[in-house]
Amino acid sequence: MTTTPDGPDPLRIDFHLLDRQIVDPAGAKIGKVDDVELEVGDQGELRIAALLVGQHVLGERLKGAVGRWLAAVATRLHPEGRPQPLRIPFEHVTKVDSEVIVGLRKELFETPPLEKWLRDNLIGRIPGAGHASE
Amino acid sequence: MSGGAGKKVLGVTLGVLTAIGGFVDIGDLVANSQAGARFGTRLLWVVVLGVIGICVFAEMAGRVVAVSHRPVFDLIRERLGARMAMVTLVGSYLVTLLTLGAELGGVAIALHLATSVNYLLWVPVVAFVLWVVLWRVKFDTLEQVFGLMGLALIVFVVAAFALNTDWSKVGGELTAAPPDTENWMTYGYFAVALFASALTPYEVFFFSSGGVEERWNRSDLVTSRVNVFVGFPLGGLLAIAIMVCSSVVFEPAMVNVSNVSQAVLPVAIGLGKIGLAVVILGVFAVTFGAAMETGLSAGYTVAQYFGWQWGKSVAPKRDARFHTVILVSIVIGAVMLLTTLDPVQITEYSLIFSAVVLPLTYLPILLVANDREYLGDQVNGKIRNALGVLFLIIILIAAIAAIPLLIITGAGK
């Protein structure tokens with residue numbers, strides 16, 4: 001283990017990580033922990049490699065009718081039909097609380113395709129989109 | 001809270017007044033008028049029960065927000081898991097959409113009553129203004145403006161006295177069985193609708209998300225409780241006044257209430273033209289206020305499930321998905337009305353279906369309110385828990401009974 005984030009010990013993936021909100025240091029919302037990627041460590045133990053964010057991986061984790069439907073919608077909404085999850089290496093996680101806090105600013109992560117598309121083609125074109133409410 | 005005690009008192013007063021006006025919406029107006037016309041005040045106890053229920057629910061949700069800073073739908077996904085939460089999301093979103101359509105219809109009908117222009121012509125105008133407001137204007141100002149304007153519905157209380165209500169009859173009916181013209185099935189159907197009109201899920205989505213945006217903390221707990229415990233019961237009093245007025249005017253004549261202009265008629269009879277003008281203003285204010293809340297709630301639920309950025313404190317282009325959901329929801333709401341579906345019927349169905357989905361939004365809050373990892377020393381005590389569980393049972397009964405009663409009675413016919 002290189003670094004462990006502040007938070008519950010032992011850290012339970014299902015209870016403390018999955019489905020929690022991920023935020024950056026300023027509180028901007030990055031997404032939910034839709035799935036986690038595990039890796040085998042030096043002593044053969046399983047450890048968390050990364051948090052995965054995306055509707056498609058969420059669908060694949062859930063399986064069943066709901067999961068298949070979610071994954072299918074994600075594929076349909078993706079411009080090339082091949083949605084990739086946002087992968088956040090676990091060493092960037094600084095704290096696991098009622099939110100999962102990562103040490104990097106939101107701007108450093110790739111903008112999800114749906115958000116980018118709606119921003120460029122719909123919302124961003126409406127007057128006043130660049131300012132918060134008055 | 002830097003302005004000292006004076007500002008705090010003003011804040012509490014405004015909050016209470018806003019909660020009174022904000023409690024009533026098209027659902028309360030329709031359910032209470034219809035129940036009053038058909039059952040007199042025999043179902044009044046349900047309104048009281050519903051008000052206690054929304055107080056219990058909103059107090060827990062407010063405490064959860066102030067301590068853990070998590071809005072309701074975040075917790076629904078954390079606690080029910082992603083799959084069950086998806087079912088809840090689909091259900092709550094559809095109900096919120098139905099309610100949004102009903103509120104838009106209410107606004108359009110209030111404008112119709114004021115101008116005599118057909119309400120369908122008002123629908124696109126109202127939808128556009130609603131969207132502009134949600135796009136551009138900071139919300140708390142408007143919430144207060146419409147909440148205060150909604151206080152105009154106090155004319156129902158005044159009208160209840162002006163109509164020479166026979167209060168001994170009102171009292172005598174409180175514990176009475178349904179009248180000869182009705183049966184226990186229709187009694188149950190209207191009981192569920194009334195209960196749901198007081199305890200609507202969107203109110204709690206909205207209330208908790210607003211608390212997160214305003215960064216409530218423990219010091220705001222008192223304000224939040226006063227708003228809930230004073231504002232909602234006083235709002236419930238308006239709902240009861242609507243029922244009493246309707247029972248005086250319509251029950252003896254055996255007239256059913258099937259449109260909004262009938263619902264405001266008792267005020268016109270009791271107080272004349274000025275009363276009518278005031279009640280139309282009140283209906284306009286509360287339905288527009290509720291349309292803002294349901295429009296935002298539609299965005300909140302979807303964004304909070306998926307973990308998207310949401311809220312009005314960032315520029316719309318930084319939460320494009322959230323604003324898209326709001327825009328699309330308003331368009332669907334308006335189109336629903338333009339198909340000439342009857343707004344009152346939309347309201348009736350929105351109430352019954354909101355009773356069905358309520359347990360799934362209530363249960364996670366009750367669980368988190370008992371969780372020390374989230375709430376520390378602010379977890380439910382024994383009394384709050386007893387009340388919390390009691391209402392879980394009542395909410396479950398209403399949810400299970402809702403669809404069968406809808407079918408058996410043919411939507412209360």
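Student: How many residues does the contact take from chain B and from chain A?

Tutor: Quick background: this is a predicted model, where local features need pLDDT of at least 70, side-chain atom pairs count only at pLDDT 80 or more, and totals for chains, interfaces and linings use all residues. Residues are numbered from 1 along each chain as its sequence is written, chains are lettered from A and ligands numbered from 1 in the order in which they are written, and side-chain values use heavy atoms, with hydrogens and water left out. Contact here means heavy atoms within 4.5 Å. On that rule, the contact takes 37 residues from chain B and 42 residues from chain A.

Student: What area do chain B and chain A bury between them?

Tutor: The size of an interface is often given as the accessible area lost when the parts come together. Buried area is the accessible area (1.4 Å probe) that two parts lose on being put together, summed over both. Carbon and sulfur atoms hold 53% of it here, and the total is about 3300 Å².

Student: Which element gives the most to the side of chain B that touches chain A?

Tutor: Helices (DSSP H or I, at least four residues) and strands (E, at least two) are numbered from the N terminus. Elements giving two or more residues to this side include α5 (119–136) and α12 (260–306) of chain B. With eight residues, the top giver is α4(B).

Student: Which pattern does chain A follow along the sequence?

Tutor: Chain A has four helices and seven strands. Its C-alpha trace spans about 55 × 40 × 20 Å along the principal axes. Read along the sequence, the pattern is α-β-β-β-β-α-α-β-β-β-α.
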